[in-house]
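This briefing is meant for someone meeting the structure for the first time. Please keep the sequence and the 3D view open while reading, and turn to each residue as it is named.

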Amino acid sequence: MTVLQVRGVSAAYRKNNVLRDVSFDVQPGSLTGIVGPNGAGKSTLLKVMLELHPKLAGSVSFFGSTLARTKTRVGYVPQRGSVDWDFPTDALDVVMMGLYGRIGWLRRPRRIHREMAMEALSRMGMADYAGRQISQLSGGQQQRVFLARALVQDADLYFMDEPLAGVDAATERAIMETLKELKQNGKTVMVVHHDLQTVEDYFDHVLLLNRTVIAHGRTEDVFTKDNVIAAYGGALRWLKELSS
Amino acid sequence: MNALLSPNAQWVLLSTLILGMASGMIGCLAYWKRQSLMSDSLSHAALPGVVIAFAIVGVKEMPVMIAGAAASALAGALLIHWIRSSSRIKEDTAMGIILSVFFGFGIMLLTIVNRTAGGNQSGLDGFIYGQAASMVRKDVYTMLVLAALVILIVFAAFKEWKLFLFDPDFAKGLGLSRRLMDGVYLGVLVLVIVIGIQAVGVILMAALLIIPSVSARYWTNSFRRMVLLSALFGGGSGMGGTLISTFGANWPTGPFIVVASSALFVISLLFGAQKGLLVKAIQLRAQKQSVARSWSGEPGVKEGSAG
């Protein structure tokens, strides 16, 4: 069964067309890197699929149904810079937010929820920072907190917007281990990614995007020099490294 | 101290206490929504509604005035939203336009109403700088009920507010409707403004929303404690300002409330436990000393302490 089906999606910011006729299917248990140049519409694609940004045309279906009906099965890790880390709260509290849907609106969290959040923090190697102010965490630690928040959601399909951007090497390893674990447990993960050198190591599927889908499929089939050039255009300094 | 003994004055004190608490709490929401100035625009925008409501009904009935003020403030909010979304004008400019246009229009209407027969005795002038003493028992009841409602809404949906203010996109992903939360937020913001303008006045009402929450930020790193502390500061300044203004004849309440809350702000700015200037200075000094110690120590000490 298809986890995610995107058909003919177009979107714009103001008058600029950002996405044009985007279509692809995602199979369960895949770990897909969404790759493309700046302004290719990678983040916009995530936001359109999650109905955080309006689409001009097309349709998106989750598990053969609508997002509204499958909300609890879809998890989202926004860009770290999308929130104000000066907000007065601690790491554990942010992770607990991932459980709010399960706790129920207008209900108070119970001890079991605190324990679940604590466990997710431990999985990300952040147990010692549970009570730490989020403003006092490093960028990598903040990203781990976001990952832990997504883990407690226990979704089947995850969207992550540049989780590896600007994080330290240890965090990158911890996050990639977690993503592979998710995949092994049958979860489907789509990650906006910007480092072309690690694409082959990290992802079993690639979606090459530049306003529209350039190529999509298994990494070994799709992540070819020709396709990358098609997505990025001519000015590519790193190509040498890629072909080496 | 005679004023204190009068039962009416006691009721008025109680009402400004709970008003201050409600606006302190809503102020925290506005603070993290980065909309402190919005509350100022909306309170100014309430004035024409108050005057029009009086002109239509002819008596100063609090529920009528509140309805007029709310309609007018909501119209201001909608216009700000419309200007921002349908033109290139940014939100701060849109708020500046609405604030001055609505307030100017309100003053114009007020001048006209005051010239008509009976207008002078209306006490409408009190809505500009606030005249808590002019409230009667019935007004106080209305205010208490509405302020309690606002406080209840904040507490009942506390974790929802926190999520909505920290990460609205993630909140939407969990199924918490952004439109609903925006609507409820605007509702409680307007409500606390309109119940406050008789006591504090349209010009200074925003101070009771902005200053307590900023002051509270200096003391704590927990959102819950920030809201509670802001309620305490707001309630304290509301009551304190009202108390001082009752000592004079016909002294307006609003300015004294603002002075009281500003005093709390200065104390917080200097001595606040989390971000206060004094604490920061002490921390900096301690850090400097420890750096100096590690540098003057034997070689290897620095490496040892760094690990």
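Which residues line the second largest cavity? In this predicted model, that lining is made up of B:Met62, B:Met65, B:Ile66, B:Phe127, B:Val194, B:Ile197 and B:Gln198.

- The largest cavity has a volume of about 40 Å³, and residues of both chains line it, namely A:Leu50, A:Leu67, A:Lys71, A:Val74, A:Gly75, A:Tyr76, B:Lys172 and B:Gly173.
- Two elements contribute two or more residues each to the lining of the largest cavity, β5 (74–77) of chain A and α10 (168–173) of chain B, and the largest share, three residues, comes from β5(A).
- Sorted by class, the lining of the largest cavity consists of four nonpolar, two polar and two charged residues.

**Annotated regions of chain B**

- An unreviewed UniProt entry lists residues 12–32, 64–83, 95–113, 140–158, 184–214, 226–247 and 253–273 of chain B under the name "transmembrane region".
- Over residues 12–32 of chain B, the model is 100% helix and 0% strand, with the end C-alpha atoms 30 Å apart.
- Over residues 226–247 of chain B, the chain is 91% helix and 0% strand, and here the end C-alpha atoms lie 32 Å apart.

**Aromatic pairs**

- Over all chains, the structure holds 14 aromatic pairs. The rings of B:Trp161 and B:Phe164 have centres 6.2 Å apart and planes at 70°, so this pair counts as edge-to-face.
- B:Trp161 and B:Phe164 both belong to helix α9 (residues 158–166) of chain B, where they are three residues apart, about one turn of the helix, and both of them are buried.
- B:Tyr218 and B:Phe265 also form an edge-to-face pair, with 6.1 Å from centre to centre and 70° between the planes.
- B:Tyr218 is buried, because its relative accessible area is 17% and the cut-off for buried is under 20%, whereas B:Phe265, at 25% relative accessibility, counts as partly exposed.
- Residues of both chains, A:Trp85, A:Phe87, A:Phe146, B:Tyr31, B:Trp32, B:Phe155, B:Phe158, B:Phe166 and B:Phe223, are linked by ring pairs into a cluster.

**A serine in a helix of chain B**

- B:Ser294 is placed in helix α15 (residues 277–296) of chain B, and with a relative accessibility of 17% this residue counts as buried.
- The side chain of B:Ser294 reaches the backbone oxygen of B:Val291 at 2.9 Å.

How values were computed:
Residues are numbered from 1 along each chain as its sequence is written. Chains are lettered from A and ligands numbered from 1 in the order in which they are written. This is a predicted model: local features need pLDDT of at least 70, side-chain atom pairs count only at pLDDT 80 or more; totals for chains, interfaces and linings use all residues. Side-chain values use heavy atoms; hydrogens and water are left out. UniProt positions are given in the numbering used here, feature names are shortened, and annotations may be inferred rather than shown by experiment. Helices (H or I, at least four residues) and strands (E, at least two) are DSSP runs, numbered from the N terminus. On a 1 Å grid over the protein atoms alone, a cavity is a set of points where a 1.4 Å probe fits but cannot get out, and a pocket is an open set with protein on both sides within 12 Å along at least five of seven lines; lining residues have an atom within 4 Å of a point. Grid points are joined across faces, edges and corners, and a volume is the space filled by probe spheres set on the points. Ala, Val, Leu, Ile, Met, Phe, Trp, Tyr, Cys and Pro count as nonpolar, Asp, Glu, Lys and Arg as charged, and the others, Gly among them, as polar. Buried means under 20% relative accessible area, exposed over 50%, partly exposed in between (1.4 Å probe, protein chains only). A polar contact is a pair of N or O atoms within 3.5 Å; within protein, one must be able to donate a hydrogen and the other to accept it, and residues adjacent in sequence count only if both atoms are side-chain atoms. Rings of Phe, Tyr and Trp (its six-membered ring) pair if their centres lie within 6.5 Å; planes under 30 degrees apart count as stacked, over 60 as edge-to-face and the rest as tilted.
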